Amino acid sequence: MTTAVENYKLDLSLTPDQKDEVERAAALTGKSINQWAVDHLLEAAHYDREHVMATRLDAVSFEMFSKALDNPLSEATCELLSKKSVWEQW
């Protein structure tokens with residue numbers, strides 16, 4: 001038994017030049033405009049998500065970060081963490 005997949009539509013507003021550019025790119029790759037757009041939107045979404053969610057450090061910065069994680073928390077930090085958050089106080 002196969003499960004039906006629900007598809008959603010996404011409306012885009014393009015200038016005539018943008019539309020022509022997309023149509024040319026899709027034609028050059030042998031894809032429909034829809035498939036070309038979906039492929040590139042997903043690539044861009046993955047790229048943006050990766051770059052927003054990931055923190056990249058060079059070797060020196062990573063070493064400093066690792067050492068900071070190994071250090072005990074300061075007294076002020078421990079005090080702050082022991083307090084209830086604003087949303088827990090209600």
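These legends accompany several close-up views of a predicted model.

The model is predicted, so local features need pLDDT of at least 70 and side-chain atom pairs count only at pLDDT 80 or more, while totals for chains, interfaces and linings use all residues. Residues are numbered from 1 along each chain as its sequence is written, and side-chain values use heavy atoms, with hydrogens and water left out.

**View 1. Glu21 and Arg24 pair up within helix H1.**
Let us start with a salt bridge, meaning a side-chain nitrogen of Lys or Arg within 4 Å of a carboxyl oxygen of Asp or Glu. Side chains of opposite charge can pair when their charged atoms come close. Here the closest N and O atoms of Glu21 and Arg24 are 2.7 Å apart. Both residues belong to helix H1 (residues 16-29), where 3 residues, about one turn of the helix, separate them. Helices are DSSP runs of H or I with at least four residues, numbered from the N terminus. Glu21 is partly exposed at 46% relative accessibility, and Arg24 is partly exposed at 48%. For these labels, buried means under 20% relative accessible area, exposed over 50%, and partly exposed in between (1.4 Å probe, protein chains only).

**View 2. Lys31 meets Asp39, and Lys83 meets Glu79.**
How many salt bridges does a search of the whole structure find? The total is 5, and two of them are shown here. Between Lys31 and Asp39, the N to O distance is 2.6 Å; Lys31 is partly exposed, with a relative accessible area of 33%. Between Lys83 and Glu79, the closest N and O atoms lie 4.0 Å apart. Lys83 is exposed at 52% relative accessible area, whereas Glu79 is partly exposed at 45%.

**View 3. H1 and H2 contribute to the largest nonpolar core.**
A nonpolar core is a set of buried Ala, Val, Leu, Ile, Met, Phe, Trp, Tyr and Cys residues joined through side-chain atoms within 4.5 Å. The largest one here has 5 residues: Val22, Ala25, Ala26, Trp36 and Ala37. H1 and helix H2 (33-53) each give at least two residues to this core, and its largest share, 3 residues, comes from H1.

**View 4. Four leucines make a nonpolar surface patch.**
Leu10, Leu12, Leu14 and Leu41 together make a patch of about 410 Å². Leu10 sits in the segment before H1 and is exposed at 61% relative accessibility.

**View 5. Asp58 reaches toward the backbone at the start of helix H3.**
A side-chain oxygen of Asp58 comes to within 3.2 Å of the backbone nitrogen of Val60. H3 (residues 59-70) has 12 residues and reaches 17 Å from its first C-alpha to its last, close to the 16 Å expected at 1.5 Å a residue. H3 is hardly covered, with a count of 1 buried residue among its 12.

**View 6. Ser85 and Val86 follow helix H4.**
From Val86 to Ala26 the C-alpha to C-alpha distance is 52 Å, with the two 60 residues apart in sequence.

Notes:
Patch = residues over 30% accessible without salt bridge, like charges linked within 9 Å, V, L, I, M, F, W, Y side chains within 5 Å. Areas by Shrake-Rupley, 256 points an atom, 1.4 Å probe, with all protein chains shown as cover. Expected span 1.5 Å × (residues − 1). Polar contact = N/O pair within 3.5 Å; in protein donor to acceptor, adjacent residues only side chain to side chain.
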